[in-house]
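Let us walk through a protein model together, one place at a time. Keep the structure open beside you as you read.

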Amino acid sequence: MLIEDGVITEIGAQAEAADIVIDAAGQSVMPGLIDGHVHPTVGEWTPAQNSTGWVRNYLHGGTTSMVSAGELHIPGLPFEDLTPRLVTGLATLAKRTIGSYRPSGVKVHAGTLLLVRGLTDAHFDTLADDGISQLKFIFYDWSHLEDGEAQQYVTWAHERRMTVKMHSGGVSRSGSSRVAGHELVTAVSPDVIAHISGGPIPMPDDEIVRTIQDLPEATVEVCSSMNYRATQVTVDELVRTNQLHRLTLGTDTPGGTGVIPRGMLRNIGYLASVCGLSPELAIAAGTGNVARRHGLPGGVLTVGQPADLLILGPITGSRATDVLECFQLGDLPGISLVMVDGEILVSGRSEQTPPPTVGATVH
């Protein structure tokens with residue numbers, strides 16, 4: 001694979017054409033993980049767990065990009081009195097700060113608008129001008145569902161190529177206003193059904209199935225904050241209807257679930273070892289599917305895409321012979337190299353995984 005200026009330019013290239021040669025030493029190369037559901041706050045500090053350096057730790061867990069599901073853990077944020085002025089200002093601030101300087105080299109797609117009542121078409125114009133492309137329903141007052149304002153927001157968003165995510169299931173740690181089951185989610189028709197199998201509490205099993213059936217264009221997101229049994233229900237329905245292209249992954253962290261640097265790896269391992277997915281499809285759910293749904297580059301290793309990749313393989317003691325078998329067995333793989341936009345950010349071994357049996361070398 002030949003990489004120039006941070007982009008994959010050729011696959012099948014000869015090593016003699018490169019200034020730097022990375023020898024994977026028989027390990028696997030896969031796209032960098034894209035965490036589709038994070039809650040960043042200020043830099044690499046998260047008040048939700050009062051910890052620092054969490055983005056760097058996620059990088060060492062294989063996450064090269066992450067998508068904010070709202071910067072809602074800022075201390076003192078008045079959940080009961082979120083005004084249009086406050087939420088638009090918060091989204092723009094996040095976009096211009098953590099969303100622009102790449103903490104620890106990770107692409108943090110921050111600046112996700114928390115949708116509240118009272119927004120106007122002009123607000124959406126301003127947000128689009130500021131580069132805001134991700135929106136989230138979580139604190140919206142659903143007692144006003146019948147007046148059509150929420151549906152109007154979805155229309156305005158689509159006119160500007162914005163992606164609308166919606167909290168589903170029971171109330172969150174921050175206290176969303178109403179349990180969001182089949183009736184509520186289908187009435188709004190978001191692009192992404194956030195943590196459908198629990199964040200942390202899911203809607204009832206039959207409502208999960210009916211929601212998947214009744215919103216055929218919506219992405220179905222599974223997060224580390226999941227109800228494990230409900231995740232099996234979700235995956236079974238997607239497999240039964242041949243719709244695994246709709247499945248995306250995230251961690252829904254930092255938050256009450258914690259800070260989980262290996263969360264995306266664990267999600268993939270759970271899908272492949274317990275839920276019965278092929279490891280290739282489980283990896284796609286945490287890479288290319290997330291990028292495509294959120295309108296982002298990357299997630300696949302092909303010419304013209306950013307060189308965001310991992311080199312990884314079995315650790316000592318694993319029965320696996322490659323990373324696909326690791327996930328199929330439910331074993332954690334060991335990472336020996338992480339690259340973002342062609343820049344090697346982790347080399348030798350990851351600080352968050354045991355070392356693989358054989359490590360990549362850089363010449």
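A residue counts as lining when it has an atom within 4 Å of a point. Grid points are joined across faces, edges and corners, and a volume is the space filled by probe spheres set on the points. Rolling a probe the size of a water molecule over the atoms shows where empty space is left.

Before we look, please note that this is a predicted model, where local features need pLDDT of at least 70, side-chain atom pairs count only at pLDDT 80 or more, and totals for chains, interfaces and linings use all residues. Residues are numbered from 1 along each chain as its sequence is written, and side-chain values use heavy atoms, with hydrogens and water left out.

Now to the cavity. The structure has 1 cavity of 30 Å³ or more, and the largest cavity holds about 40 Å³ of space. Its lining is made of Ser68, Ala69, Thr112, Gln134, Leu135, Thr163, Lys165 and His294. Strand S11 (134–137) and strand S12 (163–167) are the elements that give two or more residues to this lining. Helices (H or I, at least four residues) and strands (E, at least two) are DSSP runs, numbered from the N terminus. Sorted by class, the lining of the largest cavity has 2 nonpolar, 5 polar and 1 charged residues. Here Ala, Val, Leu, Ile, Met, Phe, Trp, Tyr, Cys and Pro count as nonpolar, Asp, Glu, Lys and Arg as charged, and the others, Gly among them, as polar.

Next comes the largest pocket, with about 660 Å³ of space. It is lined by 23 residues, and the closest to its centre are Met1, Ile3, Ala18, Ile20 and Ile22. Strand S1 (2–4), strand S16 (309–313) and strand S17 (334–340) each give two or more residues to the lining, and S1 gives the most, with 3 residues. The lining of this pocket divides into 17 nonpolar, 3 polar and 3 charged residues.

Let us turn to the strands. Two strands pair if DSSP finds at least two bridges between them. An open sheet of 6 strands runs in the order S10-S11-S12-S13-S14-S15, with parallel pairing. Its edge strands, each pairing on one side only, are S10 (113–114) and S15 (247–250). Within this sheet, 2 bridges join S13 (residues 192–194) to S14 (residues 219–223), and valine 192 stands opposite threonine 219 in S14. Another parallel pair is S5 (residues 33–38) with S8 (residues 63–68), joined by 4 bridges. There, isoleucine 34 stands opposite serine 65 in S8.

How many residues of S5 are buried? The count is 6 of 6, where buried means under 20% relative accessible area, exposed over 50%, and partly exposed in between (1.4 Å probe, protein chains only).

Threonine 92 is found in helix H2 (residues 84–96) and counts as buried because its relative accessibility is 18%. Leaving out residues up to four places away in sequence, threonine 92 touches Asp130 and Ile132, where contact means heavy atoms within 4.5 Å. Alanine 128 lies in helix H4 (residues 121–129) and is partly exposed, because its relative accessibility is 33%. The C-alpha atoms of alanine 128 and methionine 162 are 8.2 Å apart, although 34 residues separate the two along the chain.

Finally, visit the loops. A cis peptide bond joins glycine 199 and proline 200, with omega about 5°, and proline 200 lies in the loop between S13 and helix H7 (205–214). The bond from threonine 253 to proline 254 is also cis, with omega near -10°. Alanine 25, in the loop between strand S3 (22–23) and strand S4 (28–31), has a positive phi of about 55° although it is not a glycine.

How values were computed
1 Å grid on protein atoms, 1.4 Å probe; cavity = no way out; pocket = protein on both sides within 12 Å on 5 of 7 lines; lining within 4 Å.
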